[in-house]
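These are my notebook entries on a structure that I am reading for the first time. I look up one topic at a time and write down what I find.

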2 protein chains.
Amino acid sequence: MQNFVFHNSTKIIFGKDQEQVVGQESVAYGKKLLLHYGGGSIKSSGLYDRVVSSLKEQGVEIFELGGVKPNPRVSLVRDGVALCKENDIDFILAVGGGSVIDSAKAIAAGCKYDGDVWDFYTGKAAVTDSLPLGVVLTIPAAGSESSAGTVITNEEGSYKRATGHISLRPRFAILNPVLSYTLPSYQTACGVTDMISHILERYFTNEKNVELTDRLSEATLRTIINNAHTVLEDPTNYDARAEIMWAGTIAHNDLLDTGRIGDWGSHDVEHEISGIYDIAHGAGLAIVFPAWMKYVYKHDINRFVQFANRVWDVEIDLNNLEKTALEGIKRTEQFFSSIGMPIRLEEVNINEEHFDEMAKKGTERGPLGNFVKLQEKDVRQIFNLAK
Amino acid sequence: MQNFVFHNSTKIIFGKDQEQVVGQESVAYGKKLLLHYGGGSIKSSGLYDRVVSSLKEQGVEIFELGGVKPNPRVSLVRDGVALCKENDIDFILAVGGGSVIDSAKAIAAGCKYDGDVWDFYTGKAAVTDSLPLGVVLTIPAAGSESSAGTVITNEEGSYKRATGHISLRPRFAILNPVLSYTLPSYQTACGVTDMISHILERYFTNEKNVELTDRLSEATLRTIINNAHTVLEDPTNYDARAEIMWAGTIAHNDLLDTGRIGDWGSHDVEHEISGIYDIAHGAGLAIVFPAWMKYVYKHDINRFVQFANRVWDVEIDLNNLEKTALEGIKRTEQFFSSIGMPIRLEEVNINEEHFDEMAKKGTERGPLGNFVKLQEKDVRQIFNLAK
């Protein structure tokens with residue numbers, strides 16, 4: 001087990017009706033607030049009115065910036081930074097899913113920086129301080145509600161890049177599973193895939209002695225898998241929605257990192273695809289992850305055997321560990337397919353046209369991943385396996 | 001799943017040599033520090049010198065209060081409060097195990113209160129604020145290093161009582177598994193028993209839909225069970241010591257509470273025993289928990305069957321669920337015995353003499369537990385089963 005620091009101070013406020021406390025939680029950070037959100041769904045659902053009413057009860061002055069899109073754009077972030085700086089905003093409230101939260105984090109970091117916020121994503125500058133932010137979560141998926149990271153897309157050049165800092169961890173996150181009832185099936189399934197991927201990125205590590213972290217990861221994976229079909233078939237099943245929502249946070253709150261270095265190669269490979277093609281991140285992961293697994297499993301057969309056995313209940317064939325490992329990969333792929341995810345690029349009409357370009361761009365800052373270091377040619381091979 | 005708030009802001013600094021950062025972590029809270037510890041072991045091991053040197057490097061002025069005993073006494077806490085108030089102490093550093101940390105927490109709370117600190121433990125007053133505190137952990141067991149609770153014994157009347165408040169959560173906890181290498185086997189086993197009990201207290205709940213919390217609990221239990229014999233047979237096995245130490249924190253950092261109300265009857269019953277007899281808390285729990293299980297399992301056979309199956313790999317006998325449940329209880333008891341714990345009161349020379357008195361005193365503020373509410377007569381029966 002490697003030395004580690006684990007410090008997650010996000011206050012999780014979980015359960016029915018909990019958005020009603022958003023005003024009292026927010027006002028602790030100041031009276032001038034930026035309300036950041038996506039499209040109209042929070043207005044048609046009534047959530048917007050409930051949030052605004054709770055904020056106004058506490059005398060909070062609200063500035064608004066809606067319009068965040070999936071794969072959130074740096075251009076809107078720049079607008080947000082300007083708005084906050086002009087109005088001396090104290091606190092940013094993100095109401096939405098991972099895209100809205102990541103966009104809010106980028107604004108929060110940009111407010112404490114004189115240069116262009118995109119500098120944080122290219123590595124030209126590092127985040128050292130941010131405006132405080134809070135979250136009302138509507139889409140269980142990205143885990144951004146208690147993570148310290150943010151992913152933003154720069155539409156000039158189709159770059160999708162990540163950065164992070166402890167100051168970007170939301171001060172509070174309100175998780176009401178009922179808010180996820182109205183999510184379309186496809187988006188629910190994308191969220192499930194994203195959270196599973198967050199765990200797998202951490203699970204495939206070269207660190208050998210991480211039993212507790214492994215078992216906590218397997219526990220979270222099994223819970224997600226066990227409840228995924230229920231939420232798709234019965235979207236208003238509170239208990240299943242609650243399991244999925246809480247698991248999505250645990251999948252990405254850094255607990256499952258403890259004692260080891262994760263991989264994150266699949267995420268980086270997927271970012272190349274969704275940077276160009278603008279497909280849902282979860283759908284991209286359902287395609288990339290099984291391909292990545294097929295490409296790297298020989299690097300540590302035992303870890304893939306453990307995964308197959310403990311997560312998918314595949315019996316261990318001691319005379320053919322490779323068969324056991326491959327069965328685990330097959331079950332993962334079948335599961336993604338069973339919840340309606342694409343598992344091949346052709347299913348989302350992506351052909352070989354940009355394979356070379358994506359492989360080159362993805363590795364231009366160095367090889368991807370840690371479990372196995374992926375060079376340009378490896379990324380190209382993974383695209384081939386994902387065709 | 002019930003609504004919940006989960007907010008654990010303790011910064012965990014885990015791994016080899018990590019006590020070297022104690023100075024820089026502490027100085028953030030002020031320059032005048034109370035160093036609180038137990039007996040001479042931290043001096044003979046060299047830990048005391050390393051801690052003092054790290055603090056002095058940061059220019060911290062150190063006030064000292066040693067002498068904390070197992071089942072920490074309110075009299076020493078009162079001395080600590082007086083010392084802190086006289087010297088305007090900014091920060092309390094606990095170096096030791098659960099007793100030292102709980103004593104430090106009591107002092108931290110007492111410093112912000114004009115009355116007698118014992119008032120917090122009788123319910124006469126509630127903690128609302130405390131001095132900040134930090135921890136260098138030497139004994140993985142109590143989980144107090146990131147919990148918000150404290151248990152103190154009042155030697156006048158042999159009362160052992162608990163209280164808690166979010167301000168009592170340590171700001172940081174340094175967990176170096178190497179510091180636990182020199183623990184005697186008995187104390188190691190007591191720690192293992194304590195952490196298992198912390199999980200079981202939360203696991204036996206009347207809440208039906210807590211799949212993720214159940215699975216995370218089972219993962220932590222399996223890890224502890226899997227490493228317990230290793231640390232006893234090979235006390236300097238870093239990886240096994242690390243699993244046990246990290247699991248001890250997870251067992252009690254409130255993650256395994258999420259979505260449900262735990263029981264805590266066994267802890268309360270044990271506090272009556274160790275309040276009078278001054279036996280190790282872990283040893284008391286190894287005796288009380290199996291007796292409690294035998295007394296209450298019929299209240300929810302399915303939960304005991306799940307426990308037997310998922311934690312102890314007992315196959316489920318669908319035609320005889322009671323047999324499966326009882327097998328899980330038997331395995332728990334056998335495990336405690338296998339690590340050198342007593343499992344009957346007679347093994348620690350406790351006879352029936354105080355059974356009535358302990359049952360009466362334990363329930364004088366109301367019934368104990370939540371899974372099953374234990375009245376005086378029930379507690380008396382549990383003592384009988386533990387004879």
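Entry 1, the two chains. I began with the contact between the chains of this predicted model. I found 38 residues of chain B in contact with 38 residues of chain A. Between them the two chains bury about 3,400 Å², and 57% of that area lies on carbon and sulfur atoms. I then asked which three residues supply more of the area that chain B buries against chain A than any other three. They are B:M1, B:L212 and B:W246, which supply 19% of it.

I looked for salt bridges between chain B and chain A, and the count is 0. For polar contact I noted 22 residue pairs between the chains, both residues being at pLDDT 80 or more.

Which elements of chain B give two or more residues to the side that touches chain A? I listed β1 (4–6), β2 (11–14), α8 (211–233) and α9 (238–250) of chain B. Helix α8(B) gives the most, with 11 residues.

I next turned to residues 91–96 of chain B, which form strand β5. Is this strand mostly covered or mostly open? I recorded it as mostly covered, with 6 of its 6 residues buried. In a regular strand the side chains alternate between the two faces of the sheet. Here B:F91, B:L93 and B:V95 point one way, while B:I92, B:A94 and B:G96 point the other way. Residues on both sides of β5(B) are buried.

Entry 5, the partners of β5(B). I looked up the strands joined to β5(B). Strand β3 of chain B (residues 32–37) runs parallel to β5(B) and is joined to it by 5 bridges. Within this pairing, B:L35 stands opposite B:L93. Strand β6 of chain B (residues 133–137) also runs parallel to β5(B), with 5 bridges joining the two. There I noted B:V95 opposite B:V136.

I placed B:Q306 in helix α12 of chain B, residues 301–312. Its side chain and that of B:Y203 are joined by a polar contact of 2.8 Å. Leaving aside neighbours within four places in sequence, I found B:Q306 in contact with B:Y203, B:D214, B:E218 and B:V311.

I consulted the unreviewed UniProt entry, whose annotation "domain: Alcohol dehydrogenase iron-type/glycerol dehydrogenase GldA" covers residues 10–177 of chain A. Over residues 10–177 I noted 31% helix and 25% strand, with the end C-alpha atoms 18 Å apart.

Key:
Residues are numbered from 1 along each chain as its sequence is written. Chains are lettered from A and ligands numbered from 1 in the order in which they are written. This is a predicted model: local features need pLDDT of at least 70, side-chain atom pairs count only at pLDDT 80 or more; totals for chains, interfaces and linings use all residues. Side-chain values use heavy atoms; hydrogens and water are left out. UniProt positions are given in the numbering used here, feature names are shortened, and annotations may be inferred rather than shown by experiment. Helices (H or I, at least four residues) and strands (E, at least two) are DSSP runs, numbered from the N terminus. Buried means under 20% relative accessible area, exposed over 50%, partly exposed in between (1.4 Å probe, protein chains only). Two strands pair if DSSP finds at least two bridges between them. Contact means heavy atoms within 4.5 Å. Buried area is the accessible area (1.4 Å probe) that two parts lose on being put together, summed over both. A salt bridge is a side-chain nitrogen of Lys or Arg within 4 Å of a carboxyl oxygen of Asp or Glu. A polar contact is a pair of N or O atoms within 3.5 Å; within protein, one must be able to donate a hydrogen and the other to accept it, and residues adjacent in sequence count only if both atoms are side-chain atoms.
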